[in-house]
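Please walk through how to read a few features of this model, one at a time.

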Amino acid sequence: MRARIIYNPSSGREQITKYLLDILRIFEQAGYETSTYETTAEYLSASNEAKRAAQAGFDLIVAAGGDGTVSEVINGVAGLEKRPTIGIIPAGTTNDYARSLQIPRHDLLEAARFLVSQEAIPMDIGKTGNTYFMNIAAAGHLSDITYEAPVKMKALFGYLAYLIKGAEKLPRVKPIQMRVTYDGGIYEGEASMLFVTLTNTVGGVSPIDPGATIGDGTFTLFVIKTANILDILQLIGMLIRNGKHCDDPRVLYKHTSFVKAESLDGQRLMINLDGEYGGDAPIQFTNLHHHLRVIGNPMNYIDSVDAKEKKNEFVKALEDLDVK
Ligand SMILES: Nc1ncnc2c1ncn2[C@@H]1O[C@H](COP(=O)(O)OP(=O)(O)OP(=O)(O)O)[C@@H](O)[C@H]1O
């Protein structure tokens, strides 16, 4: 068995290089003939190397970095006929995907030991055009906000902090007349944003969808029909407190294997794929069922202590704003 570790030396707190020899030792001792590749700032360096290594016959490709590196590695191999198993050493700042797979996130060596001791499981990924996403596609005003917000606000908790702190100052969010097509239905009407999710943790908030079964071939689709900031904050409160947002009449909530989103009134509908700009609507997302084998355990997600603390902070911030 051969493993290729693609690591981003600049991810997170730049710790990965320090632990690299120990990580190599863990993989070698587990029976992998292991080599490493250091990514560069050059566009798609992790992607290109992942593709090359897959074509060279590596059995396992480990993305050691943040969500950006993981996304690049997955995009490098997802279009190939023969795809290696993917492992993740979470060395970034948010590490959403690793969180949803329950990979240890606070100790790089523990993550490496986890990878050599756990099974790979088949995961669904999303496809739009020639781009793949593993966690979330978002569209609408919330993604507009992301581009103005500082980099660290990429994650959902960042969005929330931004929304909550700036609630009074935010420009009025104008609804967009949208058509959203999904398995067996069409929503046509006003909406401010939509989310298409594959895992149950986004920006550290989980579960996004208490009714989701990870890897069942469907996305969870949320269309937020309201553009009123107070309504949106209330929905966020429900998401954090009890998951009741799924049943709220201001939300369209579906499980579907494809989604098509269109803007009907000429307003720009920007798409964000796993935290990066991913083009404009009209756009179609397709769920590729069990397309990649990824090491981890996406079931039975339990909030970590830090997730609980963050949730409490947000509930408090919402209460301070008098959002019930
Ligand atoms: N050697 C390098 N020097 C500088 N930047 C790099 C290098 N290698 C990769 N990059 C850049 O790092 C970015 C990806 O970072 P990544 O997501 O892995 O870490 P992060 O931003 O710290 O974590 P997170 O996404 O979890 O916040 C890409 O934009 C990529 O071009």
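**Reading the model**

Q: What follows α8?
A: Helices are DSSP runs of H or I of at least four residues, strands are runs of E of at least two, and both are numbered from the N terminus. Gly243 follows α8, with a positive phi near 75 degrees. The model is predicted: local features need pLDDT of at least 70, side-chain atom pairs count only at pLDDT 80 or more, and totals for chains, interfaces and linings use all residues. Residues are numbered from 1 along each chain as its sequence is written.

Q: Which residues in α8 are buried?
A: Buried means that 20 or more other C-beta atoms, placed from the backbone, lie within 10 Å of the residue's own. In α8 this holds for Ile232, Leu233, Ile236, Gly237 and Leu239. They lie on the same side of α8, because they cover an arc of only 160 degrees around the axis, taken from the directions from the helix axis to the C-beta atoms.

Q: What is the order of the strands in the open sheet?
A: Strands of a sheet pair through backbone hydrogen bonds, either parallel or antiparallel. Two strands count as paired if DSSP finds at least two bridges between them. Here six strands run in the order β12-β11-β10-β7-β14-β15, with antiparallel pairing. β12 (251–256) and β15 (276–280) are the edge strands, each pairing on one side only.

Q: How many bridges join β10 to β11?
A: Five bridges join β10 (residues 193–197) to β11 (residues 219–224), and the two run antiparallel. Val196 stands opposite Leu221 in β11.

Q: Which helix gives the most to the shell around the ligand?
A: Helix α3 (residues 67–77) does, with three residues.

Terms used:
A residue is buried if 20 or more other C-beta atoms lie within 10 Å of its own, exposed if 12 or fewer, and partly exposed in between; C-beta atoms are placed from the backbone.
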